[in-house]
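Thanks for coming. I will go through one model this morning, starting with the overall layout and then moving to details.

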Amino acid sequence: MTASLTALLKPLAERQQPLRQLFAAEPNRAARFSAKACGITLDFSKNLLDDSSWQTLQQLAAQSSIRQLCQQMQAGAAINNTEQRAVWHTRLRQQDLQDLRLNGEDIGAAISACRAQMATLIDQLHQGTYLGYSGKPITDLIWVGIGGSLLGPQMAVEALTPYHCSPVRLHFAGNIDGAIVSDLTKQLQPETTLVVVASKSFGTEETKQNALALRAWFSAQGADKAAIARHFWATSANVQAAAEFGIVPQHILPMWDWVGGRYSLWSAIGLPVALMIGNDGFNQLLAGAAAMDQHFFNAPFSENLPVILALLGIWYINGFGCQAQALLPYSHYLRLLPSYVQQLDMESNGKAVDRRGQPLSDVTAPVIWGDAGTNGQHAYHQLLHQSQLKIPADFLLPLKVAHPLQDHHQRLAAHCFAQTQALMQGKTEQEAYQECLAQGMTAQAAAELAPHKASPGNKPSNTLLLDELSPYHLGALIALYEHKVFCQGAIWQLNSFDQWGVELGKQLSTPIYQALKAQGDAQFDSSTAQLIALFRQQNR
Ligand code: F6P
């Protein structure tokens, strides 16, 4: 059993002074609780934090295994202990790959070869020299994958829309909902479509099912084995399964067991990003992430952005009992970031036992949710402001934008900053009452309305400002969240790199699938049996 952080932090949290008071007492608070690295400024002054609690959190970091685990990670130790795997996704964005060996294997050479193979394919697609089976250039690429093999590229492609320079259109097929492949095959022609099957395991049901449906579509349109081989690529660690599917070895981009699915954007899983923003742009994404790695590895904890975010997260989860964490990008292009970080954080740290398999004494990992601002302000911010729940929020804003509508941008920024201010200071009932009187209400009407208009405030938030939303800054931002999750895992002493919890649902779906097809003789609980029966009634 690990020592309880809740027991340490809860009494401190209960003594915490309100934010209004903290700001009033220290005019310089914002500057003191801010840090900047790799073009990202973190203002964490609007957190329920005073000198004593911040010091305790800093000590927690110093006494934790963050540094030790980090060294082990860099040395290639199998810190993913339940799968006996190294964790080397940071190597994928490293520039200098000389003498990079893991268990005797020349990883540096393998990464370089993969980068070169990706770059060649992207160049051919951009130049229209990759020809389909009928001799026409490829016009569309379908990326088939799910979870870590989809969320990263999908989010990054969206985030970098202003940098798109590809003549080839990109489509994603993730979910096993047949609507996706059905819709795509209505719009596209096999002769000009390239399919990339992205699956580290090459065993994921959704991906296999979608890939098989696309292969059948090719066959139905008259494509023979050689034609299909020409149009199908894979990125996978399971070369044998990809080959059995019919993908030729020279079309299989590698993945490695030392890269977890949700950390794989930097590998060939990033191919859609390279396609859409070009090879140079993709290299910039890697460079931004590599810069954040160096910051994380070297900066003192008091200035270390991932460490700061990690400590604040733990402070709220274990000190204040907060179960959720909002991620609110004030950027249309970053609207998929919450879904991406959801997997990164919840699949990594949503665990019940520590590294040795002992029950954890603290709750770990928040429910990550959110969407682009200002949309949320007209939907769920009401709850953030006035409900009794305390939901810490990360607000994100690129300072400079690519579009010319500057007034839009100023209004967007004004709302972003106003939300953090409103959450922090709130509005007392007395203030609300005075406001009503100033609007010409009678004293009685004002007294009746004031409790409804009052906001408790004292709700914490971080503000992350990106100098701009370039590939470099996006790379740094993603790496920042990766390392935050890493630090939290180290402090909670759990393995952030496995995901055994997802297996049970997969196992149970097999007999249910058979029952839906009226096969097998599995017995189910009454609810599951009823659901199966209802489904079958409508699908005879
Ligand atoms: O089911 C969870 C998971 O294993 C994720 O961790 C992973 O990112 C996703 O499925 C996809 O896996 P694969 O790339 O092997 O298809």
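Into which domains is the chain divided? Bear in mind that this is a predicted model. There are three entries to note: domain 1, made of 5-75 + 299-425 + 460-498; domain 2, covering 91-278; and domain 3, covering 503-539.

Take domain 1 and domain 2. Their C-alpha centres are 33 Å apart. Where they touch, domain 1 contributes 17 residues and domain 2 contributes 18 residues. On the domain 1 side, the elements giving two or more residues are α14, residues 337-349, and α19.

Next, helix α5, residues 66-75. Which of its residues are buried? They are Ile66, Leu69 and Met73. These three sit on the same side of α5, because they cover an arc of only 70° around the axis. The opposite face, turned away from the buried side, carries the exposed residues Gln68, Gln71 and Ala75. As for what covers the buried residues, the list includes α4 (51-63), α13 (305-319) and α19 (471-492). After α5 comes glycine 76, with a positive phi near 85°.

Last, the ligand. Which residues come nearest to it? Of the 14 around it, they are Gly147, Gly148, Ser201, Thr204 and Gly261. The shell as a whole divides into nine polar, three charged and two nonpolar residues.

That is my part done.

Note on methods
Residues are numbered from 1 along each chain as its sequence is written. This is a predicted model: local features need pLDDT of at least 70, side-chain atom pairs count only at pLDDT 80 or more; totals for chains, interfaces and linings use all residues. A residue is near a molecule or strand if its C-beta atom, placed from the backbone, lies within 6 Å of it. Ala, Val, Leu, Ile, Met, Phe, Trp, Tyr, Cys and Pro count as nonpolar, Asp, Glu, Lys and Arg as charged, and the others, Gly among them, as polar. A residue is buried if 20 or more other C-beta atoms lie within 10 Å of its own, exposed if 12 or fewer, and partly exposed in between; C-beta atoms are placed from the backbone. Helices (H or I, at least four residues) and strands (E, at least two) are DSSP runs, numbered from the N terminus. The arc is that of the directions from the helix axis to the C-beta atoms. Two residues are in contact if their C-beta atoms, placed from the backbone, lie within 7 Å. Domain bounds come from an automatic or database domain assignment.
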